[in-house]
Amino acid sequence: MIVGGGIVPAVQASPTIAQRARPAQPRAHSLMPFLVDLPHLVAAARLGMRRAAAPGADGLTWAGYRNGLRARLGELSNRLRAGTWEPGPLRHVEITSYTGKVFPAVIPTVEDRIVHRAMRRAVEPILERHVLADWVSAYRPRRNRITALRQAEQHLAAGRQWVADVDVAGASAGGSSEQFVDWLAVHVADGSFLRLFRRAVEALPTPLVPGSGLWPVLFHLRLSRVDALLADWPVVRFADNYLIFAADEPGAVAAFDALTAALATVQMQPHPRKSRVRPPHQANTEDLFLIDG
């Protein structure tokens with residue numbers, strides 16, 4: 001069994017380990033305004049322009065796209081409204097993390113980044129309200145490693161000193177466009193939006209890699225299927241690192257096995273090196289959710 005790690009933080013928030021009741025909710029019926037209304041497209045473009053980014057495969061930069069921005073976005077809106085928008089080519093690159101590890105990544109065209117960001121702005125509030133558990137942090141507003149550590153500390157302080165620490169192997173790999181659309185369709189009834197969402201996802205590489213503005217949405221959609229099977233466990237997830245807390249070793253082993261079974265439902269498994277059952281002397285809060293820790 002294995003030592004677990006964590007990933008990139010988002011934005012800090014107040015901690016809570018409360019299990020939020022999720023009564024049945026109506027599905028969102030109209031998300032297309034996020035893709036076709038000019039103010040929404042302008043907002044998506046401005047969010048993209050805040051990031052220093054290289055041009056995509058077409059060579060067009062943000063500076064170049066800003067020339068005649070309103071006209072460009074108006075024409076993009078027309079294609080999205082008519083359903084004729086098609087994703088552009090991806091530029092494949094490699095990035096090196098501060099730990100020295102090299103990751104594959106993609107750079108979509110500037111226009112596709114705007115579409116991805118507009119879709120993300122439409123979907124993220126739905127994930128927040130109806131999909132993501134309170135104990136999930138990273139890649140969402142006001143939830144980062146500090147949030148996860150505070151939640152973990154509450155479990156440890158409650159006497160749950162044994163920890164099933166599971167880092168998901170290849171959390172970005174797998175998941176078909178059909179699955180992602182089906183998972184989103186549980187919460188979204190807008191057929192036009194879902195058709196364009198499918199088209200965007202089909203154009204992305206498999207396994208998924210960072211670079212697309214849709215990546216956090218797809219990442220959480222997949223792992224939320226696992227999260228739903230863990231609602232009765234004292235658990236904290238930071239990105240793709242799960243911690244389940246138990247009062248004794250048999251409870252932690254049972255939690256590890258339950259999490260392994262839950263991951264198998266979406267064709268995932270614990271990382272064979274980074275996952276383990278931690279005894280109390282290894283459950284120091286600051287050692288949890290470390291990259292490759």
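Valine 235 sits across from isoleucine 244 of strand E6. This is a predicted model, where local features need pLDDT of at least 70, side-chain atom pairs count only at pLDDT 80 or more, and totals for chains, interfaces and linings use all residues. Residues are numbered from 1 along each chain as its sequence is written, and side-chain values use heavy atoms, leaving out hydrogens and water.

**Exercise 1.** Work out the strand order of the open sheet, and find which strands stand at the edges.

*Solution.* Start with E5 (residues 235-238) and E6 (residues 241-246): they pair in the antiparallel sense over four bridges.

**Exercise 2.** Is asparagine 241 buried or exposed, and which side chain does its own side chain contact?

*Solution.* Then check its relative accessible area, which is 0%, so asparagine 241 is buried (buried means under 20%, exposed over 50%, partly exposed in between, with a 1.4 Å probe and protein chains only). Finally, look for its partner: the asparagine 241 side chain makes a polar contact with that of aspartate 165, at 3.0 Å (a pair of N or O atoms within 3.5 Å; within protein, one must be able to donate a hydrogen and the other to accept it, and residues adjacent in sequence count only if both atoms are side-chain atoms).

How values were computed. Two strands pair if DSSP finds at least two bridges between them. Helices (H or I, at least four residues) and strands (E, at least two) are DSSP runs, numbered from the N terminus.
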